[in-house]
Amino acid sequence: YCKKLRALTYNMRPVIVAISKSAELQDSLAALENGADDFISEPVNSDEFVMRIKAHLRREVESNLNSKVLLPNRNYSLRALKRIISENKFWAAMLVSIENFSNYKENYTELASDKVLQTYSAIIKSVLSENDYFGSLADNQFLIVTEGIKAEKIGNFLTFAFDSVVSKFYSPQDTKRGFMLMRGDEFAGRRSNFMHTTIAIIIPFFFP
């Protein structure tokens, strides 16, 4: 059963906890060898069971995090979106992007670009409720799933907030010029616009 479940779920990794009346070592080893993540023999202590499940859930969350912004990664976000779409018809999906991010990263280093991502993700978190979903799709892209009635208001706030803070991430020289001068062998000396955010909103319509 464990082997079959693993084979059928190649695009995700379910956590399998086996509970058995058997306390034989060979049964435990067989279950673990064939794909189970844990093996518990009866009688099951309820407190231990809860702690084991929490430990597996914690590892599941940690293994699906974008380490730069500590948000669910692309695979997890797409799975969450699929589940939300199937369960709730009053949703809105928001794709939030930071444009010209790669040029900024090349000019100002990865450390500086990470601070941009962390700052923007903190701004986004500040305007969302606990019922909203917030995850990452790529280095410069975020996914928000919220109520349809809130999406436009959130988008307007994020655009204003990003424009208000983005200048702080540039040098005084670039700020004065109003653009970046690219470095490196291939694009050295070329102009590049500052970063800005774009937000696409999808709200489904349902007909009676």
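# Loops, salt bridges and a cavity

Leu70 is placed in the loop between S3 and S4; helices (H or I, at least four residues) and strands (E, at least two) are DSSP runs, numbered from the N terminus. The model is predicted, so local features need pLDDT of at least 70 and side-chain atom pairs count only at pLDDT 80 or more, while totals for chains, interfaces and linings use all residues. Residues are numbered from 1 along each chain as its sequence is written, and side-chain values use heavy atoms, with hydrogens and water left out.

Me: Is Leu70 buried or exposed?

Reply: Leu70 has a positive phi, near 55 degrees, and is a residue other than glycine. Buried means under 20% relative accessible area, exposed over 50%, and partly exposed in between (1.4 Å probe, protein chains only). With a relative accessible area of 57%, Leu70 is therefore exposed.

Me: What is the phi of Thr109?

Reply: Thr109 lies in helix H5, and its relative accessibility of 46% makes it partly exposed. Thr109 is not a glycine, yet its phi is positive, at about 80 degrees.

Me: With which residue does Asp114 form a salt bridge?

Reply: A salt bridge requires a side-chain nitrogen of Lys or Arg within 4 Å of a carboxyl oxygen of Asp or Glu. For Asp114, the closest N and O atoms in its pair are 3.7 Å apart, and the partner is Lys68. The pair links distant parts of the chain, 46 residues apart: Asp114 in helix H5 (residues 101–127), and Lys68 in the loop between strand S3 (65–66) and strand S4 (71–72). At 14% relative accessibility Asp114 counts as buried, and its partner is Lys68.

Me: How many residues apart in sequence are the parts that Lys68 and Asp139 tie together?

Reply: Lys68 also makes a salt bridge with Asp139, where the closest N and O atoms are 3.3 Å apart. Lys68 is in the loop between S3 and S4 and Asp139 is in the loop between strand S6 (133–138) and strand S7 (141–147), so the pair joins parts whose separation in sequence is 71 residues.

Me: What is the N to O distance in the salt bridge of Asp174 and Arg177?

Reply: Both residues belong to helix H7 (residues 172–177) and are three residues apart, about one turn of the helix. Asp174 is buried, at 4% relative accessible area, whereas Arg177 is partly exposed, at 36%. Their side chains meet in a salt bridge with an N to O distance of 2.2 Å.

Me: Which residues do salt bridges that share partners join into one network?

Reply: The whole structure holds nine salt bridges. Those that share partners join five residues into one network: Lys68, Lys105, Glu110, Asp114 and Asp139.

Me: Which residues line the largest cavity?

Reply: A search on a 1 Å grid over the protein atoms alone looks for a cavity, a set of points where a 1.4 Å probe fits but cannot get out, and lining residues have an atom within 4 Å of a point. One cavity of 30 Å³ or more is found, and the largest holds about 30 Å³ of space, a volume being the space filled by probe spheres set on points joined across faces, edges and corners. The lining divides into four nonpolar, two polar and two charged residues, where Ala, Val, Leu, Ile, Met, Phe, Trp, Tyr, Cys and Pro count as nonpolar, Asp, Glu, Lys and Arg as charged, and the others, Gly among them, as polar. The lining residues are Asn66, Lys68, Val69, Leu117, Ser136, Ala138, Asp139 and Phe142.

Me: Which residue in S2 does Ser20 stand opposite?

Reply: Strands S1 (residues 17–20) and S2 (residues 38–41) run parallel and are joined by four bridges; strands pair if DSSP finds at least two bridges between them. With helix H2 (residues 25–33) they make a right-handed β-α-β unit, right-handed meaning that, with the strands pointing away from the viewer, the path from the first strand over the helix to the second runs clockwise. Opposite Ser20 stands Ser41.

Me: Which residue does a cis peptide bond join to Glu42?

Reply: The bond has an omega of about 0 degrees.

Notes:
1 Å grid on protein atoms, 1.4 Å probe; cavity = no way out; pocket = protein on both sides within 12 Å on 5 of 7 lines; lining within 4 Å.
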